[in-house]
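Please keep the sequence and the 3D view at hand while reading.

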Amino acid sequence: MRAVEFQEYGAPEVLKVVRVGTPEPGPGQVTIDAAHVGVNFADLKARAEGYRVQSLPFRPGLEVSGRIRAVGDGVTGLTPGQEVAALVDGGAYAEVVVADTTTVFPLPRGIDLRTAATLPTVLPTAHALLHEVGRLRAGETVLVHGAAGGIGTAAGQLARAAGAGAVYGVVSSPAKAEHALKHGYDEVFTTGTFADDVRRATGGRGVDLVLDPVGGDTLRRGLDALAVFGRLVSFGNASGAGPWHVGQPELYPQGRSVAGFSVLALAQTAPEALRSLTERAFAKVTDGTVRLPVTAEFPLAEAAEAHRLMGGRASTGKLLLRVADRED
């Protein structure tokens, strides 16, 4: 089978198409004939700097949709030919993908394979950030960094559906602002001035909830943009900044709080909680609450081009790799 791997860290061109043996599922696993694979910023960090890479060569890819090819010993409730989406701990850039059954999700009625590949990381993450971790209540205000990306696109719509009083986004360009405004956001700010913009938009009050995948100085300024009793949820460190610690001096005076979330960590530590979360999140697609647009799609062999587009920070919505030539 074909797969995409890298044998050294570097620019997108280190991604190479290779021919490898077709894997077989182990106990508690299935193999999936991939139809589509999601492209995530974590894939770029793995390729460029070894994020979550245990050894080389390494095959990126965290989410895949397709049909079950084979099931391993002890697997129940999943059968060959069944359409599924799966969250995997790397390895999805391939024609056949191995997945643990704890993170394999049969597709609800009405979700096609192309749409399914956009969901396993993005939608549960957005749902958890707002509800399970962020505990958004109707009438509260939200600020989302990366509002035009996959998670941001979902979060804007989910916050609007939850009755948020106002949904604000932060982006890096006018084109991204235009995208975000079509997906649940009331007002969109630029990266450098967002803290001042928040105070202006809220009459000096600040927002109740900030969702931050950037870290570093952005996280610090986000804390300052919170209202009294406000919450900040960190879910990434795209800035690459060193660890930062917040404590009593920043949190006590106005009852603010900071939390964190990683869908990949949850998959490792509490798979049943992830399954429950994913089912709730997927329901928001089937009921029409959330629409996740695929804004670019590349053949598997052109994975490097997908990485260049996402790495240039010009992409919006969700990027996919097309693996199967057809889905029927």
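## A cluster of rings

Ring pairs link Phe 6, Tyr 9 and Phe 58 into a cluster, where rings of Phe, Tyr and Trp (its six-membered ring) pair if their centres lie within 6.5 Å, and planes under 30 degrees apart count as stacked, over 60 as edge-to-face and the rest as tilted. This is a predicted model, in which local features need pLDDT of at least 70 and side-chain atom pairs count only at pLDDT 80 or more, while totals for chains, interfaces and linings use all residues. Residues are numbered from 1 along each chain as its sequence is written, and side-chain values use heavy atoms, leaving out hydrogens and water.

## Aromatic pairs

Four aromatic pairs are present in the structure. The ring centres of Phe 6 and Tyr 9 are 6.0 Å apart and their planes stand at 55 degrees, so this pair is tilted. Phe 6 is buried, with a relative accessible area of 0%, whereas Tyr 9, at 38%, is partly exposed; buried means under 20% relative accessible area, exposed over 50% and partly exposed in between (1.4 Å probe, protein chains only).

The rings of Phe 105 and Phe 282 have centres 6.0 Å apart and planes at 65 degrees, so this pair is edge-to-face. Both Phe 105 and Phe 282 are buried.

## Around Ala 303

At 1% relative accessibility, Ala 303 counts as buried. Apart from neighbours within four places in sequence, Ala 303 is in contact (heavy atoms within 4.5 Å) with Val 4, Leu 15, Tyr 93 and Leu 321.
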